[in-house]
Protein chains: 2
Amino acid sequence: MTKHYNVAVVGATGAVGSKMMEHLIKRNFPIKSIKFLASARSAGKPIEFNGQTYTIEEATPESFEGIDIALFSAGGSVSAALAPEAAKRGAVVIDNTSHFRMDPEVPLVVPEVNRHVLKTIPKGIIANPNCSTIQMVAALQPIREKFGLTKVVVSTYQAVSGSGIAAIEELKIQSTQWEKGKDVEASILPAKSDKKHYPIARNVIPQIDKFTDNGYTFEEMKMINETKKIMGLPGLHVAATCVRVPVVSGHSESVYIELEKEATIEDIFASLKEAPGIVLQDDIRAQEYPMPIYAEGEDPIFVGRIRRDLDNPKGFHMWIVADNLLKGAALNSIQIAEAMIEDDLL
Amino acid sequence: MTKHYNVAVVGATGAVGSKMMEHLIKRNFPIKSIKFLASARSAGKPIEFNGQTYTIEEATPESFEGIDIALFSAGGSVSAALAPEAAKRGAVVIDNTSHFRMDPEVPLVVPEVNRHVLKTIPKGIIANPNCSTIQMVAALQPIREKFGLTKVVVSTYQAVSGSGIAAIEELKIQSTQWEKGKDVEASILPAKSDKKHYPIARNVIPQIDKFTDNGYTFEEMKMINETKKIMGLPGLHVAATCVRVPVVSGHSESVYIELEKEATIEDIFASLKEAPGIVLQDDIRAQEYPMPIYAEGEDPIFVGRIRRDLDNPKGFHMWIVADNLLKGAALNSIQIAEAMIEDDLL
């Protein structure tokens with residue numbers, strides 16, 4: 001890895017963008033040059049990166065001249081407008097928004113699951129999947145490889161940081177209001193652009209993103225559709241119920257799966273133990289299982305509470321936790337770029 | 001209902017006991033006399049009930065002489081020792097602990113589901129089911145009556161009040177510690193008598209009660225076994241993953257069910273609309289769905305987020321919320337007594 005790259009980060013000041021910057025440094029990503037792009041509103045502001053001060057530039061089509069890798073996390077409309085412009089100028093775009101994810105010409109990638117699809121990037125754009133989906137498919141892939149997979153039913157326990165920095169602030173403010181006996185005010189969750197807002201402190205909200213016409217939310221449909229696409233299993237049965245909980249960072253998931261072949265609990269343990277990016281945290285005698293406060297800031301996906309279904313010998317239950325801003329977003333985006341470098345695709 | 005009853009409340013100072021007292025008054029329960037029993041430690045202390053001051057008495061076998069209805073919620077060992085003594089003296093015991101629940105000679109009752117079993121009480125003891133189980137079976141019963149039920153997979157989002165008053169205090173203290181940047185200390189959750197304790201503020205803990213040998217917790221096995229017993233469906237497939245969340249009161253459940261017969265979403269709505277004790281709260285256009293902060297202090301079970309499974313025409317997903325101290329405990333116990341009075345069994 002002697003080659004170094006010209007990198008652009010679009011949306012560096014957001015919850016995910018700032019984690020991208022942190023992990024580009026932490027992982028010693030081979031950077032030749034880096035620039036930080038944002039809307040006209042943020043342009044001109046200073047931004048610190050690896051001990052140096054940069055100036056945020058306004059993102060325009062021309063900003064991407066000479067860029068090798070463009071990391072987008074500034075919202076769907078920015079990606080829609082500028083990702084094709086970046087790609088047109090020769091950059092490989094890794095887009096963290098949902099805008100291109102279901103485009104059949106855009107690979108949707110979790111390196112542990114489907115890095116092989118990175119060989120063909122028709123539009124020059126790669127999509128980083130939804131946070132809840134990434135941790136689930138990465139944990140299910142090693143099991144699926146050995147025993148096949150026919151059905152997935154997931155209920156999520158998602159952290160507020162998935163809704164951005166403002167949602168983290170809202171949880172903090174509401175907690176203080178609640179403790180002081182004041183009225184709790186809500187203006188962000190469950191979805192900033194939706195009509196009603198509900199408190200998240202001391203509450204759980206069974207709505208993430210807005211509703212689609214079929215009664216599922218967009219978040220639930222993302223988990224359903226993206227899982228099938230990433231795993232390359234269009235016929236897989238997937239159902240999701242997505243719920244916001246008063247946790248700062250770290251999404252948790254209660255997952256029920258049905259396999260093609262029978263497996264023992266030891267088989268499942270063995271396949272997860274050797275899996276890349278996975279930490280098996282399952283020792284009930286020692287009360288060891290994944291929890292979001294301990295996953296925050298950590299790279300791996302933690303899996304535990306693995307149990308065979310009591311009625312279906314091909315059924316298993318498990319509990320999957322990961323930092324939604326890291327493996328669920330920033331880290332996975334960087335790992336996509338690293339996989340391309342390793343595989344001589346960049 | 002002109003007959004009035006001599007009532008004993010065992011464990012009146014606990015989280016459930018105090019709600020029992022509140023709702024005996026609120027529901028105008030036909031009380032001739034009432035006494036409050038506890039361990040020797042609490043005996044002699046004053047206790048307020050309906051504007052009068054009573055003195056807590058030490059619970060002994062003789063305390064139950066002349067008692068018609070004994071409401072127990074002072075822990076399994078107290079019930080084990082004293083419920084048979086109360087029954088021997090002619091009281092009908094309604095026990096809120098898990099001690100007698102799976103005894104084949106003890107009816108386990110949610111009045112909306114199986115009040116008919118109250119006709120035969122071989123030991124003079126009736127068990128009040130686990131809080132998470134009550135709200136689930138009451139919501140599933142009207143659907144099961146019309147379309148049959150073959151499978152239930154539930155993931156819970158359980159409030160800390162299910163672990164008693166000390167757990168509510170712990171959540172409050174931890175929240176303050178967290179906001180002040182102090183170390184967060186844990187000594188109650190996930191299970192006071194277990195070895196390790198974890199913070200619940202800003203966290204979710206996938207352990208409620210201790211673990212059994214099969215990898216499931218006692219709470220999960222309660223949901224599995226009690227659901228089959230209450231619904232009278234020993235062959236029903238039931239699986240549960242029970243998780244504690246930082247909510248004060250109100251258990252939420254993400255439930256996936258499979259029916260015997262196909263049903264439409266309108267069929268499911270119709271059966272829940274007319275069901276006793278259920279409030280259908282399902283209007284996604286108005287962002288109406290159940291949430292624990294709005295269920296706290298309310299009698300009904302709230303059901304929403306009802307969706308047909310996208311792959312299985314006999315599969316449905318729903319979200320069930322109820323106040324775990326009320327319908328999940330104190331209220332259901334009182335409703336059992338009311339059902340017996342109505343059915344001329346007491």
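**Exercise 1. A cysteine and its surroundings**

Is Cys131(A) buried or exposed, and at what relative accessibility?

*Solution.* Start with the model. It is predicted: local features need pLDDT of at least 70, side-chain atom pairs count only at pLDDT 80 or more, and totals for chains, interfaces and linings use all residues. Residues are numbered from 1 along each chain as its sequence is written, chains are lettered from A and ligands numbered from 1 in the order in which they are written, and side-chain values use heavy atoms, with hydrogens and water left out.

Step 1. Take the cut-offs: buried means under 20% relative accessible area, exposed over 50%, partly exposed in between (1.4 Å probe, protein chains only).

Step 2. Apply them. Cys131(A) has 16% relative accessibility, so Cys131(A) counts as buried. Cys131(B) is also buried, at 16%.

**Exercise 2. Looking for disulfides**

Find how many disulfides the chains hold.

*Solution.* Step 1. Recall the bond: a disulfide is a covalent bond between the sulfur atoms of two cysteines. Here the test is a pair of cysteine sulfur atoms within 2.5 Å.

Step 3. Check an example. For Cys131(A), the nearest cysteine sulfur belongs to Cys242(A), 8.8 Å away. For Cys131(B), the nearest is that of Cys242(B), at 8.8 Å.

**Exercise 3. Rings that pair between chains**

Classify the ring pair of Tyr157(A) and Tyr157(B).

*Solution.* Step 1. Know what to look up: a pair of aromatic rings is described by the distance of the centres and the angle of the planes. Rings of Phe, Tyr and Trp (its six-membered ring) pair if their centres lie within 6.5 Å; planes under 30 degrees apart are stacked, over 60 edge-to-face, and the rest tilted. The structure has 17 aromatic pairs over all chains.

Step 1. Take the first pair. The centres of Tyr157(A) and Tyr157(B) are 3.9 Å apart and the planes meet at 15°, so the pair is stacked. It runs between chains, from strand 9 (residues 151-157) of chain A to strand 9 (residues 151-157) of chain B. Strands are DSSP runs of E, at least two residues; helices are runs of H or I, at least four; both are numbered from the N terminus. Tyr157(A) and Tyr157(B) are buried.

Step 2. Take the second pair. Tyr289(A) and Tyr198(B) are both buried.

Step 3. Look for a cluster. Ring pairs join Tyr157(A), Trp319(A), Tyr157(B) and Trp319(B) into one.

**Exercise 4. Two polar side chains**

Which side chains make polar contacts with Gln158(A), and which one with Lys146(A)?

*Solution.* Step 1. Set the rule. A polar contact is a pair of N or O atoms within 3.5 Å; within protein, one must be able to donate a hydrogen and the other to accept it, and residues adjacent in sequence count only if both atoms are side-chain atoms.

Step 1. List its partners. Gln158(A) meets Thr156(A) at 2.8 Å and Glu219(A) at 2.9 Å.

Step 2. Turn to Lys146(A), in helix 4 (residues 131-147) of chain A. At 38% relative accessibility, Lys146(A) is partly exposed. Its side chain has a polar contact of 2.9 Å with that of Glu274(A).
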